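This report describes a structure in terms of its chains, their interface and selected salt bridges. The sequence and coordinates come first.

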Amino acid sequence: MTEEHSTLFDRYDIQISNTERRNSSIAIQDCYIVYLIECRLKANKEDESICVFRRYSDFETLRNYLVAKYSWVIVPVLPEKTISHTWSKSHQDRTSVEVVERRRVLLERFLQHVCAHPTLSADSAVQTFLLQNDGWKHIVDTSHVLNKSESLIPSFKLNLMQHERTKDKRFLDAYQYAIDLNNVLHNVLRARAKLADRIFLYYQSHNQLGRLFSEWSTTEDKLGDSLQRAGHFLDSFAGQIEEYLHEEDALMDFLKHQASYCDVIKSVVEKHEQLVEDNSKQETTLGVKRTQRDAYATGKMNFSVNALKSKLFGENDQTRYAKIETMDSDINDAVLHCQNADIRVKEFNKNALIELDFYKTMKEEQMREILRSYCLLQARIAKAALKSWTNIRDSFSNGQTPI
Amino acid sequence: MDDPLSRALREDEQGISNAHENGQTTPNVADPDCLEKTSSLSISHSHNDWILPSTNERREEVEVNEEQTKIYVGDPKKHKSNLDSFITYLVTMQTYNDGVQINETNVRRRYNDFVWLKNLLDVKYPFNIISPLPIKHTLSKKLHVIADDGEFIRRRMNGLQNFLRRIINNPVISIDPSVQLFLTADDEALHSAQQQPNPTSPLTPQMTSSTSNPFRQPIGRGKPIPSEFSRTDNQIQMLQDNLRKLERLSRKIESDQIAIHTEEEHLLSTFKQWLDTERKYDENDSLVDTICNAEQKIVDNQDDLLRTTNTKYIEPINEYVLFTGVVQDVLKRRAQFADNVTASNNEEMFDQLTIANETIKADVQRWTEGKDKELMDLFHSMANKKVDFYTQSINAWEQAAAKLSTPTNHR
C-alpha cells in the first residue's frame, strides 16, 4: 500500500489516553470532560506523539459533518449522549469516573474506525481533528455541508409526504431490518436493566439473612458454629453482585452502540431514496420539456396562452425558430441533468452497497464479541455465587475444617 | 401413568436414599446408665445453675450390640371404600442388629390413623415432647406453582415419617403398646383398638388446667418464680423467634426469586424476538440462537429451583416453629403442675413431679440434638440445591461462550 492510499489507522497508533475535567465558567457544576487524543507514528515509535484535547461536542460536530458530506458511508457511531437503559443503582452521573471511562473507550473506537475507513480517513477535517490543535472547525464550517435546512428536510419530507419507498429490494430490506433490529435490541436492553434491578434486590436480601444467622449463632451451641460461618459467607455472597452488575452495564454500552448503527443505516437508505426521487424528477422534467417543445414546434397549441400571445404580438417565423432553439438547448441541459442524476444514483448505490456489506461483516464480529463477553460474565457471576454457596453448604456438614 | 401419586412415589424413591440418614436412629437403650447419670447430676445442681445439656461433644457411636430401627413411610395409594376416598401409606419398620436386618414389618395406614395415635400419646404422655403431625390442609399461597398434589403428598409422607422416627427415638414411648400396635398390627386389630374409649390422662383434672394452645400467652403470676426450667424456656423462646424470623425472611427471598424469574423469562422473550428478526431477514441467526438456548436453560433451572423452595425449605421451617410450640406447651404444663404440687403439698404428686421433671429434661436434650441435626440437614440441602443450580448455570454459559468463540460459516 503506497503512502497515499494508506489510512490514518495504518500509519498511526491512535488512542484516547486520558481525560480531564474542565470548567466552562466559575460555577462548579458547569464542567465538562475533555479527552486527550494521542497519535503516534507506527513507523517511528520513538517519535513524540501528537496530542490534542477534544470534548464530546467536538466529536459530534465532526461526525455530523462526515455524515452530511459522505452520505453513502456508514459513519461509525458515537457513544450515547444521554445515559439510557440502566439499572437503578447504575452510574447516572455523566461526569463520574466510571461513565467517563466507558465513554472514552467508545470514543476511541469511533476514532479508530473512522481512521480505518479509506474515504473518511482521507478527509482533511479528520486529519486536522487528530493532528492539529485548530483548523478542523474551520474546514467543517467552510464546507457548507452542514446546511441546517438541508439536513432537516430529507427525513421531514419522507415522513410527511408518504414518500414511495425505494423499489430496490436490497435497500428496502436493509431499511426494514434496521428498524426491526433497533426495536428488538432496545427491548433486550430494557429487559436486562429490569432484571439487574431484581437481581440486586435478591442479593441484598441475603445481607439480612447473614445478619440473622450471625445473631442466631450466639444463642446456639453446636449449631452456632455452623450458623456463624454461614452468616459470614452469606455476607460475602451479598456483596459480590454490585461490581458485576456495573460490569454488565458497561457491556450493554456496546449493545447500545450496535443499536445506534441502525439509525445510520436508515439515513443512508433515505439518502438513496432521495437521490432516486431526484433522478425520477429530472426525468419527468425532461419528459415535460420535450412534450412542450414538440407541441410548440408543431403548433398544436392553438388554444393556449402562447398561441394567443404569438397571434397578439405578431410572432413571425424567426422568433418562433429562436424559441424552439432555446427550448432545445434547455432540453439538452435537462438531459445532462438526468444523466448526472443517474450517475449519482448509480455511484451512490454502488458505494452504499459496499458499505452495507462491510457493515454486515463488522456487525457480526462485534455482536459475537458482545454476546461472548456476556456469556463469560454470566459464567463468572455464577462461579462467584457457586463458591459462596459451596462454603455455606459446607458450613452445615459434619466434620468441617476450620476456616 | 403420571398422576400425582405415582409421581410422588417416583420422587420418593429418590428420597429413600436421603431417608437413610433421616430414618436411622440410635436409641440409647444399650446405655441406660448414661441416661440416669445425667438425670441424677441435674437434680444435684442448684436451681440457677441448671444448664441445657450441651450437645457439643460427639459421643462415639458404639455399634457393638446396638439395635437400630429404621422407619419409612412411602408408597401412597388411593383407596375408595363405600363413601370414602382416602390415601394410605406403607409404613415399613426394619430392625437391625449390628447392621444385619433381623426383622421387617409392613402395614398400611392412613392420615387419620396417625391422628388417632398422636391424640392417644398426647394424653398418655403429657410430659413428653411428641412430634407434631404434618398439617391437614395447606393454606400457604403458592405464588409460583399451583398446588401440586404430588408435592403435597410427598411433604405429608415426609412429615409422617419424621413423626414416627421421633417416636421411635424416644425409648419410653417407642415401647408403648399402642405404638407397637400401630406399627405392626393388621387393619382389624387397629380398628378395634381405635374403637376403645380414649385413655384417661395420668394427670387428674386438678393437676393441670391449661389446654394445649401454642399461641396462648403464658399466665402472668406477678413475678415469675425462677425455676430450673426457665433457662430452657428462654432458649426455646429465642429459638422460636429466630425460626419465625427465618421463615419471614425466607419467604421474602422466595418472592425476590420469583421476581427475578419473571424478568428472566421476559429477557428470554426479547432474545427470541431478536432471533426472529434475524431469521426474517435471512441474517446469520446462530449467535442469537446460542444466547437463546443458554437463557432458556437458566429459566428452566430457575423453575426447578423455585418449585421446591417453598415445600422443601420454608414449610419445614414453619413446622419447626410449631414444634418449638409443642416444647413450650410441655414446659407450661410442667410449670402448672409444679404450682399445683406446691399448693397441695401431696407427697405422691411430688414424686410424680420429680419423674415429670426428669422425663422432660431427657426429652429436651433429645429434642435439642434432633433439632441441631435436622436444621443442619435442612440448611445443608437447601444450600446444596443452590450449588447445583449455579453449577448448571456455569455450564450453560460456558458452553454458549465456547460456541461463540468459533467463527460460524454463513449459510
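The model is predicted, so local features need pLDDT of at least 70 and side-chain atom pairs count only at pLDDT 80 or more, while totals for chains, interfaces and linings use all residues. Residues are numbered from 1 along each chain as its sequence is written, chains are lettered from A and ligands numbered from 1 in the order in which they are written, and side-chain values use heavy atoms, with hydrogens and water left out.

**Chain A**

Chain A has 11 helices and three strands. Helices here are DSSP runs of H or I with at least four residues, strands are runs of E with at least two, and both are numbered from the N terminus. Read from the N terminus, the order of elements is α-β-β-β-α-α-α-α-α-α-α-α-α-α. Of the 403 residues in chain A, 45% count as buried; buried means under 20% relative accessible area, exposed over 50%, and partly exposed in between, with a 1.4 Å probe and protein chains only. Among contacts in chain A with a separation of 6 or more, 74% are between residues 24 or more positions apart, where contact means heavy atoms within 4.5 Å.

An unreviewed UniProt entry lists residues 13–137 of chain A as "domain: PX". UniProt positions are given in the numbering used here, feature names are shortened, and annotations may be inferred rather than shown by experiment. Over residues 13–137 the chain is 38% helix and 22% strand, and the end C-alpha atoms lie 23 Å apart.

A:N182 is in helix α8 of chain A and counts as buried because its relative accessibility is 16%. Leaving aside residues up to four places away in sequence, A:N182 touches A:A259, A:C262 and A:D263. A:E369 is in helix α11 of chain A and counts as partly exposed, at 41% relative accessibility. The C-alpha atom of A:E369 is 21 Å from that of A:E243, and these residues are 126 residues apart along the chain.

**Interface of chain A and chain B**

The size of an interface is often given as the accessible area lost when the parts come together. Chain A and chain B bury about 5,600 Å² between them, with 70% of this on carbon and sulfur atoms; buried area is the accessible area (1.4 Å probe) that two parts lose on being put together, summed over both. Of the area that chain A buries against chain B, A:Y202, A:K222 and A:R368 supply 12%, more than any other three residues. The contact involves 57 residues from chain A and 58 residues from chain B.

There are 14 residue pairs in polar contact across the interface, both residues being at pLDDT 80 or more. A polar contact is a pair of N or O atoms within 3.5 Å; within protein, one must be able to donate a hydrogen and the other to accept it, and residues adjacent in sequence count only if both atoms are side-chain atoms. On the side of chain A that touches chain B, α8 (169–217), α9 (222–297) and α11 (317–395) each supply at least two residues. The largest share, 25 residues, comes from α8(A). By type, the residues of this side are 31 nonpolar, 11 polar and 15 charged; Ala, Val, Leu, Ile, Met, Phe, Trp, Tyr, Cys and Pro count as nonpolar, Asp, Glu, Lys and Arg as charged, and the others, Gly among them, as polar.

**Salt bridges**

A salt bridge is a side-chain nitrogen of Lys or Arg within 4 Å of a carboxyl oxygen of Asp or Glu. The count over all chains is 48, and between chain A and chain B it is five. The table gives examples.

| Pair | Closest N to O |
|---|---|
| A:K360 and B:E283 | 3.2 Å |
| A:R170 and A:D168 | 2.9 Å |
| B:D304 and B:R307 | 3.5 Å |

A:R170 is partly exposed at 48% relative accessibility, whereas A:D168 is buried at 17%. B:D304 and B:R307 are three residues apart in helix α9 (residues 286–344) of chain B, about one turn of the helix. B:D377 and B:K373 are four residues apart in helix α10 (residues 347–405) of chain B, so about one helical turn separates them.
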